[in-house]
Amino acid sequence: MLSTRTDNPRVAISAGPRSAYGEDVLVQAPVVGRWRRSAAARHESYLAWSLLTPTLLVILFLVAYPFFSAIYLSLQDKMVGAPGRFVGLDNYLSLLRDEVFLRTAWNSVVYTAVAVGLKFVLGLTMALILDQPRRFNNVFRTLLFVPWAVPVVIVALNWRWIFDDLSGFLNNFLITFHITSDIISWLADPRLAMACVIAVVVWSGTPFYSMTFLAGLQAIPKELYEAAEIDGASALQQFFFVTIPRLKTIFLTTVMLSTIWTATNLQFVLILTRGGPASRTEIFPHLAYTTALGARRLGMGAAISLVFFPLLVVLIVILTRRMLRPADE
Amino acid sequence: MARTTSGSRRLLKWVGNGLLVVLLVWTLLPFYWMIATSLKADREIYGFEATLYPHRPTLAAYGRLFGTTPFMKYVRNSTIIAVGNTLLSLVFGCLGAYALARLRFPGRALIARGLVVTYLVPPALLFIPLFAVLSTLHLIDTHQGLILTYLSFSVPFSTWLLMGYFRSVPLELEEAALVDGCSRLGSLVRVILPMSLPALAVVTFFSFTQSWNEFLYANVFVNSVEVRTITTGLSLFIVEDVFFWGPMMGASFLSTLPPLVMYLIFQRWVVKGLTLGAVKG
């Protein structure tokens with residue numbers, strides 16, 4: 001039996017994997033290798049899945065399940081503490097007719113675009129300044145990056161106090177130095193409120209931009225600038241033809257990450273203005289928050305928070321690809 | 001030509017210095033106002049006698065903060081939750097990242113992708129259904145509830161960051177350990193972790209500060225003073241219409257210290273972690 005099979009090469013080959021468990025194992029060395037490898041592969045696979053179990057549980061139960069249940073919730077008229085009724089797209093449709101919602105949509109776009117734009121410009125300026133040779137630059141860098149470490153809630157509370165009508169720093173300062181004689185209601189004035197909220201968002205978020213930009217700037221080889229210098233390029237030309245192209249990837253990643261976080265952060269609005277005056281500073285995440293928890297309409301709240309999600313999906317998909325790229329190389 | 005270049009360089013330098021001063025004032029002014037307010041007596045804080053700097057510095061606000069408010073309780077709760085979350089994130093992150101970086105198995109790429117997507121899904125989208133999840137599990141108003149929900153952002157980030165770092169540890173080192181009879185987990189602990197200390201520092205920093213700074217979940221999932229964290233506790237100070245800015249600015253200053261000190265210690269690695277492109281801002 002043993003001899004017939006080994007004598008016939010065709011049988012041995014066609015029986016390849018199965019013969020791994022057979023008696024001719026010792027004769028067919030490559031098959032032994034394959035048998036070992038597949039068992040090892042299976043073992044490795046088991047090990048991998050068991051190591052990943054906690055992480056997967058977190059993803060499944062704390063992100064995936066809530067995400068899909070948000071979609072399901074948004075199709076119901078569920079209130080806190082009461083069972084919901086399936087209403088299809090009613091929540092979404094009634095949002096489109098809601099004036100506050102439409103104003104919120106516009107506010108959210110303005111808020112996100114202006115805040116991200118300003119953070120970008122200010123962050124790049126900060127990074128370029130810190131990249132110049134200067135004594136004590138590391139001290140300045142540390143100081144300028146400090147807002148990044150401050151909890152957002154505390155940033156917002158602190159600025160609310162700066163903007164305070166009667167006793168805040170701004171009015172106090174302006175009146176002491178006779179720049180104005182009237183009290184300015186920074187956060188209650190419909191024309192000023194949004195600008196003030198954005199200023200706070202920019203204060204808090206700029207260091208993130210400067211940090212990533214500065215790291216990018218410092219990674220540009222100095223030879224490139226030397227070569228440009230020899231070719232007679234001015235500082236401005238060097239900036240546009242050496243610096244900017246080199247930073248393009250970092251620009252994109254930073255802006256996309258920050259757009260997601262800026263657009264979905266409700267803490268600034270919640271603490272500074274609560275969406276007021278007259279919904280002038282109302283943005284999606286805050287409206288969802290007040291609808292779900294203030295008005296206790298969970299279904300509608302979920303619908304509001306999901307409305308802006310399709311836009312974020314685009315960013316998330318692109319970012320996921322980018323964030324995995326260096327790891328895959 | 002050469003002269004104009006050096007001239008414009010010098011000009012740029014002075015423009016840079018000028019802007020630096022402006023940026024420093026803009027950045028540091030809120031800190032000044034925070035600390036100054038916390039050192040004033042009420043008379044100097046409010047109304048017509050309000051001052052731009054404390055004329056008679058006093059620690060009375062801090063006395064009121066510790067004497068009459070549950071601030072210390074908030075500090076305790078924030079600490080429990082931040083430390084618990086950090087420990088779990090480190091353990092889960094290391095195990096998961098090792099599997100993704102060093103083991104071959106079907107579905108690896110998919111999970112890596114899932115991690116990043118998970119990290120990018122904003123909490124503003126999840127807090128409503130998570131509230132329902134925590135209610136069913138009877139975890140509303142518990143430390144465990146918050147530690148658990150904070151894992152939803154700290155674990156994906158930690159795993160992703162560590163995965164990148166583990167991959168950069170030379171394979172040969174680990175193979176040597178495996179040949180010497182080390183198990184997979186043994187080589188993770190003895191070979192890879194000691195070489196990944198910077199990444200572990202970054203993960204510790206982010207898990208801790210993100211938990212410490214978190215507000216939305218803490219606000220929605222906790223009502224009781226016994227579990228309330230600093231961020232939600234502080235924002236409640238203003239809801240009451242009492243003039244409370246002195247103690248509040250004191251509390252703000254004190255609660256900024258832990259993340260700030262951590263940032264100063266971990267600064268070097270944190271910026272490196274940032275260049276991987278992944279921090280809230």
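Me: What makes α4(B) and α10(B) meet in this predicted model?
Reply: Two residues are in contact if their C-beta atoms, placed from the backbone, lie within 7 Å. Residues of α4(B), including Ser78(B), Ile81(B) and Asn85(B), meet residues of α10(B), among them Leu200(B), Val203(B) and Phe208(B). So the two helices are in contact by that cut-off.

Me: Which classes of residue make up the contact of α4(B) with α10(B)?
Reply: Seven are nonpolar and eight are polar. Gly93(B) of α4(B) takes part, and Gly counts as polar.

Me: How do the axes of α4(B) and α10(B) cross?
Reply: The axes come within 8 Å and cross at roughly 145 degrees. Helix α4 covers residues 71-102 of chain B, and helix α10 covers residues 197-213. The crossing is right-handed.

Me: What are the domains of chain B, and where do the bounds come from?
Reply: The domain assignment gives domain 1 (2-60) and domain 2 (69-275). The bounds come from an automatic or database assignment. Over C-alpha atoms, 33 Å separate the two centres.

Me: How many residues link domain 1 of chain B and domain 2 of chain B by contact?
Reply: Eight residues of domain 1 are in contact with seven of domain 2. On the domain 1 side, α1(B) gives the most, with four residues. By class, that side has four nonpolar, two polar and two charged residues.

Me: Which residues of chain A touch chain B, by number and by class?
Reply: 81 residues of chain A are in contact with 86 residues of chain B. Helix α4 (residues 29-73) of chain A gives the most to the chain A side, with 19 residues. That side divides into 59 nonpolar, 21 polar and one charged.

Methods:
Residues numbered from 1 in each chain as written. Chains lettered and ligands numbered in written order. Predicted model: local features only at pLDDT ≥ 70, side-chain atom pairs only at ≥ 80, totals over all residues. Axes fitted to C-alpha atoms, helices over the stretch in contact; angles between N-to-C directions. Left-handed = near helix turned anticlockwise from the far one by under 90°.
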